[in-house]
Amino acid sequence: AVIAFARVANRYMEHYGLSYEEFKPILSKIAVKNHYNGSLNPKAHFQSPITEEQAMNARMVAWPLGLYDCCGVSDGCAAAIITRADMAKNFRDDYVLVKGLGLAVGGRQGWLQQDYDMVHLEPTVRAGQQAYAQAGIKEPFKEIDLAEVHDCFTITELVIMEDLGFCPRGQAKEYIKEGRFNLDGDLAVNPDGGLKSFGHPIGASGLRMIYELYKQMQGKAGPRQRKNPSLGLAHNFGFNPGSGVSSVTILGQRD
């Protein structure tokens, strides 16, 4: 997987005319952000913050991705109880609503189409569009308070920001520089540390992301808590760029 996503990073630099010296600090800022968020999460696999210098100078795994650009594989499990909205109040008062669901499967475009750009994940784009339509979301960056996304590598998070419409194509680097996806930013991305710091228990990752939204909506996320969140997004992705499957779930407060 690291080689596949390293290709995305290389293609992104080529596509947008960025040098390694310009792009690597952007990826490092993503790692620093997620490790900081993970340091606030007692359930995270990695609970120590890191510096941008550490991320920049870490040993290379698959150029340009270094050690701190890669998530850790963890053990874990997750479960949820889902019921009809009109029945939820019979179980607890602080329930959270599912506002939208999207699911899309790629058709190996990256293998079959010579003009596939490899700087976006088409299943993510389409799953996001489905979920937004169901939830009535027109401007994701302005309407969504927090997002848990599949940051298996730092480049993946960056591309997902563009695929989900959190920023225009090619401009994620500017939003990252400005801290707009930080815990105290406009839209907090991976407030629990993400796969990068929380860890990636593979099959349990998607529901674990939803759990973070659930706690945030309840106001029970501790030092990671966003102020009065109304909408949260969870995104998951499987397989490699150019194909794969993606899901997007929108959770929100009761109307």
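## Basis

The model is predicted: local features need pLDDT of at least 70 and side-chain atom pairs count only at pLDDT 80 or more, while totals for chains, interfaces and linings use all residues. Residues are numbered from 1 along each chain as its sequence is written, and side-chain values use heavy atoms, with hydrogens and water left out.

Helices (H or I, at least four residues) and strands (E, at least two) are DSSP runs, numbered from the N terminus. Buried stands for under 20% relative accessible area, exposed for over 50%, and partly exposed for the range in between, with a 1.4 Å probe and protein chains only.

## Aromatic pairs

The whole structure contains 8 aromatic pairs. Rings of Phe, Tyr and Trp (its six-membered ring) are paired if their centres lie within 6.5 Å; planes under 30 degrees apart are stacked, those over 60 are edge-to-face, and the rest are tilted. One of the pairs is Phe-5 with Phe-153, which is tilted, with 5.3 Å between centres and 35 degrees between planes. This pair connects distant parts of the chain, 148 residues apart: Phe-5 belongs to helix α1 (residues 2-16), and Phe-153 to the loop between β4 (146-148) and α8 (154-163). Both Phe-5 and Phe-153 are buried.

Tyr-12 and Phe-23 make a stacked pair, at 5.3 Å centre to centre and 15 degrees between the planes. Here the link runs from Tyr-12 in helix α1 to Phe-23 in helix α2 (residues 20-39), 11 residues apart. Tyr-12 counts as buried because its relative accessibility is 0%, and Phe-23 is buried with a relative accessible area of 1%. Ring pairs also bring in Tyr-16, giving a cluster of Tyr-12, Tyr-16 and Phe-23.

## Charges over rings

A charge sits over a ring if NZ of Lys or CZ of Arg is within 6 Å of the ring centre and within 35 degrees of the ring normal. The charged end of Arg-180 is placed in this way over the ring of Tyr-175, 4.6 Å from its centre. For Arg-208, the charged end sits over the ring of Phe-198, at 4.3 Å from the centre.

## Largest pocket

A pocket is an open set of points on a 1 Å grid over the protein atoms alone where a 1.4 Å probe fits, with protein on both sides within 12 Å along at least five of seven lines; lining residues have an atom within 4 Å of a point. Grid points are joined across faces, edges and corners, and the volume is the space filled by probe spheres set on the points. The largest pocket has a volume of about 1000 Å³.

Its lining consists of 44 residues, with Ala-79, Ala-80, Ile-210, Tyr-211 and Tyr-214 nearest the centre. At least two lining residues come from each of α4 (85-88), β3 (97-105), α11 (205-218) and β7 (245-252); α11 gives the most, with 7 residues. By class, the lining has 27 nonpolar, 7 polar and 10 charged residues, where Ala, Val, Leu, Ile, Met, Phe, Trp, Tyr, Cys and Pro are nonpolar, Asp, Glu, Lys and Arg are charged, and the others, Gly among them, are polar.

## Cysteines

There are 0 disulfides in the whole structure, a disulfide being a pair of cysteine sulfur atoms within 2.5 Å. The closest cysteine sulfur to that of Cys-71 is in Cys-152, 6.1 Å away, which is too far for a bond. For Cys-77 the closest is in Cys-71, at 18 Å, again too far for a bond. Cys-71 is buried at 18% relative accessibility, whereas Cys-77 is exposed at 76%.

## Helix α8

In α8, 10 of the 10 residues are buried, so this helix is largely enclosed by the rest of the structure. Among them are the charged residues Glu-157, Glu-162 and Asp-163. Gly-165, which follows α8, has a positive phi near 75 degrees.

## Backbone exceptions

Most residues other than glycine have a negative phi, and most peptide bonds are trans. The bond joining Trp-63 and Pro-64 is cis, with omega about 10 degrees; Pro-64 is in the loop between β1 (60-62) and β2 (65-66).

Met-118 has a positive phi near 60 degrees and lies in the loop between α5 (109-112) and α6 (122-135). Met-118 is buried, with a relative accessible area of 18%. Ile-202 has a positive phi near 50 degrees and is in the loop between α10 (194-198) and α11. With a relative accessible area of 49%, Ile-202 is partly exposed.
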